[in-house]
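Here's a quick tour for anyone meeting this structure for the first time. Have a look at it below, then read on.

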Amino acid sequence: MAAVLFFPGGGKARATDLLERVKDQEIKQILKLRVGQSKVLKTPFAITRISVADPDIADIILTSEREIYVNGQAPGVTNLSVWGKSRFTTATVAVEADVSLLKEKLNQILPKEKIGVEAAGDSIVLSGEVTGPVTQDTAMSLALPYAGNKKEKIVNLMHVGGVQQVMVEVRLAEISRNLGERMGINFWALSKSGNFGISQLNGLATVSDLVRSFSSSVFTQAMSPNITAIAGWKAGGLLWTMFFDVLKQQGLGRVLAEPNLVTTSGQEASFLAGGEFPIPVPQTGVGGGSTITIEYKKFGVGLVFTPTVLDQDKIALKVAPEVSELDFTAGVAFTSLGFTVPGLKVRRTSTHVEVKDGQTFAIAGLLNDSHRNMINKFPVLGDIPVLGALFRSSSFQKNETELVVLVTPHLVKPMAASASRLPTDKYVQPSDLEFYLYGALEGKKKKAPAAPPAPAVESAPSGFGHQDVD
């Protein structure tokens, strides 16, 4: 099916002119400019009139009857209309921000980064891969002046490449040494006539009852459990009894913990190896009565840390390790409830540092050294040389505690399941013959056929855990 247009009387010339006019109106030209950039448009016909919809976006100057000078003023889109004798046409002028200087500045300050810069209307689009969040923030700051100091005009399509998972290896080592020495002497003398004398320093011996019989005098005594020796003899018609408390104590405590935690950059991770003990909390009820609720307090070896990957091998780390243990000497007794809530001995520290991957730093080297001397004596008698030891009691206590915390962060990647190992992998349950007859706690491991070599995968850092490796 076809349509034929017929123009009588010079119809051929009129049809050609009409088709050119329709063609001019239907063609939509797009002129792309940057801010500060200009172009010259040439038309195939003589221009009688021109107009621009938004002169703040594009400025136009008619340089001749067939040329128009267009200059980009500000980011945006506007329309340019052109009239000629029996002719009309339009063009779309799109003005974008000039990002050439920004590209040059990014390449100058961050030469190793692959950052793409594009203009989208009145916005700036940053794309590509950067090595860390610090580099990303630097690129955003450099683009801010070119976007009119408006953050909302910057479209951030950059992503942080490299490893973003951090494993923190913490080693807490504590040595506690205790030394105690004490010496005390109490005496008791009894004559035939019933007269007696007794010293009671430190309460090694006390008279609890006195009973007189027909033939002699009998003294009932209460003795302290601190007595380590008793000696008795007769001299000058007196029965002498000596109570000795001579003791030297030495104690050594060792605490070693190696918690290891893995988390992504910017996320907090925590660890606790210990327990919780109950604390009663009195509360007043609705009717005025009191009720007891239970809250739990944590203790043990704990760790809280938050890593932030700054660069390919630089890590900012906020870490707070803690070592605590129950201390019943500082507890609070609830006699009405019939139990005692213990106190806590706590050693904790918190810090924020920047280190490279695999570097170790010590965040705590706490040394506590305390001495205590105490002497109880009778006035004058306790100062007599040699014999004064019978009238005084001496004690000496020394406590030394040293705590060291070492922290080592690592950038890590997930490893294949075939490369993971557990401490129980080498355990073999003993058979009845091995357990009952040979008393073996573990069975003999059967030799497995040689497996093909596994592909290369990311593994944990050397020294991770306590498992022996074949």
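Let's start at Ile-292, which has its place in strand S19 (residues 290-309); helices (H or I, at least four residues) and strands (E, at least two) are DSSP runs, numbered from the N terminus. What you're looking at is a predicted model, where local features need pLDDT of at least 70, side-chain atom pairs count only at pLDDT 80 or more, and totals for chains, interfaces and linings use all residues. Residues are numbered from 1 along each chain as its sequence is written, and side-chain values use heavy atoms, with hydrogens and water left out.

**The whole protein**

- The protein has 4 helices and 24 strands.
- Of its 470 residues, 28% count as buried; buried means under 20% relative accessible area, exposed means over 50%, and partly exposed is in between (1.4 Å probe, protein chains only).
- The accessible surface of the protein comes to about 30700 Å², and 55% of that belongs to carbon and sulfur atoms. Accessible areas come from the Shrake-Rupley method with a 1.4 Å probe, and for residues only the protein chains shown count as cover.
- Take the contacts between residues at least 6 apart in sequence: 60% of them join residues at least 24 apart. Contact here means heavy atoms within 4.5 Å.

**A nonpolar patch**

- Back to Ile-292: together with Ile-294 and Tyr-296, Ile-292 makes a nonpolar surface patch of about 320 Å².
- Patches are made of residues with over 30% relative accessible area and no salt bridge; like charges are joined within 9 Å, and nonpolar side chains (Val, Leu, Ile, Met, Phe, Trp, Tyr) within 5 Å.
- Ile-292 counts as partly exposed because its relative accessibility is 44%.

**Salt bridges**

- Side chains of opposite charge can pair when their charged atoms come close. A salt bridge is a side-chain nitrogen of Lys or Arg within 4 Å of a carboxyl oxygen of Asp or Glu.
- The structure holds 3 salt bridges.
- One of them joins Glu-67 and Lys-42, with the closest N and O atoms 3.9 Å apart. Glu-67 lies in strand S5 (residues 67-72) and Lys-42 in strand S2 (residues 38-42), so this pair ties together parts that are 25 residues apart in sequence. Glu-67 is partly exposed at 27%, while Lys-42 is exposed at 66% relative accessibility.
- Glu-322 and Arg-348 also meet through their side chains, at 3.0 Å from N to O. That pair links distant parts of the chain: Glu-322 is in strand S20 (residues 314-334) and Arg-348 in strand S21 (residues 339-348), 26 residues apart. Glu-322 is partly exposed, with 23% relative accessibility, and Arg-348 counts as exposed at 52%.
- Glu-325 and Arg-347 make a salt bridge as well, at 3.6 Å from N to O. Glu-325 sits in strand S20 and Arg-347 in strand S21, 22 residues apart. Glu-325 is partly exposed at 37% relative accessibility, whereas Arg-347 is buried because its relative accessible area is 17%.

**Aromatic rings**

- How many aromatic pairs does a search of the whole structure find? It finds 3. Rings of Phe, Tyr and Trp (its six-membered ring) pair if their centres lie within 6.5 Å; planes under 30 degrees apart count as stacked, over 60 as edge-to-face and the rest as tilted.
- Phe-277 and Phe-299 form a tilted pair, 6.1 Å centre to centre with 50° between the planes. Phe-277 is in strand S18 (residues 269-284) and Phe-299 in strand S19, so to speak distant parts of the chain, 22 residues apart. Both Phe-277 and Phe-299 are buried.
- Phe-435 and Tyr-436 form an edge-to-face pair, 5.0 Å centre to centre with 85° between the planes. Phe-435 is partly exposed at 40% relative accessibility, while Tyr-436 is exposed at 66%.
- The charged end of Arg-49 sits over the ring of Trp-83, 4.0 Å from the ring centre. The cut-offs for this are NZ of Lys or CZ of Arg within 6 Å of the ring centre and within 35 degrees of the ring normal.

**Two more spots**

- Ser-86 is in the loop between strand S6 (76-84) and strand S7 (87-96). Its phi is near 60°, a positive value in a residue other than glycine.
- Asp-432 lies in helix H4 (residues 432-437) and counts as exposed at 59% relative accessibility.
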